[in-house]
Amino acid sequence: FQAEDGIRDRVSCLVGSEMCIRDRPYMQELADYADASVYLGMPNDLEIIYVEACRSPATMAIRLGVGSRIPLPSTGMGRAYLAALPEAKLKQLRPRFADQFGDEWPRIEKEMDEALDLARVRGFSMTVGGWVKEACSAGAAIRRRSDNFPVYTINVGGLRSIITAELLENELGPKVLKIARTIEEVAAGLL
């Protein structure tokens, strides 16, 4: 995990970089297909920071942009990252999450653990109203080829009235996983 100092440099270098330029068409295609938002993010301590964002013109969702930060344990994107981490690394983060979320941590941890178990089986993680009550999302980790360590995450999401849990589980989650694997292949030299 990177310290707060330096993250701005890393993000500004990524925006417009070859990595984002290569990923954008896959992301935009999914955003248009789902009438949703699709984000590429990278871990930063206890959060994911968005480094690329795509939306369909019809998207009616929370409009976060590049540089926005989301929590790891309660979002589809964050849970995808956590599910891909080695168990020892996840164990190190738990006390920090407990400090971060205080009295809410037991509930968040239970939901997170259930989501991580499912993510390890199906390859993508979901959240239905976990971070923002009106939103649903699915995310998948993008791993470094040399050691299989997660370095980015990608997610698709939107309003619960449009992007339902069933749609995420049966259609959009598998699509975001496929895009993650495609990005791993296409960007192998960059990861």
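Predicted model: local features only at pLDDT ≥ 70, side-chain atom pairs only at ≥ 80, totals over all residues.
## Overall architecture

The protein contains 6 helices and 6 strands.

Of the 191 residues in the protein, 49% count as buried. The accessible surface amounts to about 9000 Å², and carbon and sulfur atoms contribute 52% of that area. Among contacts in the protein with a separation of 6 or more, 62% are between residues 24 or more positions apart.

## A covered helix

Helix α3 spans residues 76-84 and is mostly covered, with 9 of its 9 residues buried. The buried residues of α3 include G76, M77 and G78 towards one end of the list, together with R79, A80, Y81, L82, A83 and A84.

## The pairing of α4 and α5

Two packed helices are described by the angle between their axes and the distance between the axes. Helix α4 covers residues 87-101 and helix α5 covers residues 105-122; their axes come within 10 Å and cross at roughly 150°. Angles over 145 degrees count as roughly antiparallel, and α4 and α5 are therefore roughly antiparallel to each other. Their crossing is right-handed.

On the α4 side, the residues in contact are E87, L90, R94, F97, A98 and F101, and these meet W105, I108, E109, M112, D113, L116 and R120 of α5. Sorted by class, this contact comprises 8 nonpolar and 5 charged residues, with no polar ones. An α-helix has 3.6 residues a turn, so residues three or four places apart point the same way.

Terms used. Residues numbered from 1 in each chain as written. Heavy atoms only, no water. Buried < 20%, exposed > 50% of the residue type's maximum accessible area, 1.4 Å probe, protein only. Helix = DSSP H or I, 4+ residues; strand = E, 2+ residues; numbered from the N terminus. Axes fitted to C-alpha atoms, helices over the stretch in contact; angles between N-to-C directions. Parallel < 35°, antiparallel > 145°, perpendicular 65-115°, else oblique. Left-handed = near helix turned anticlockwise from the far one by under 90°. Contact = heavy atoms within 4.5 Å. Nonpolar A, V, L, I, M, F, W, Y, C, P; charged D, E, K, R; others polar. Areas by Shrake-Rupley, 256 points an atom, 1.4 Å probe, with all protein chains shown as cover.
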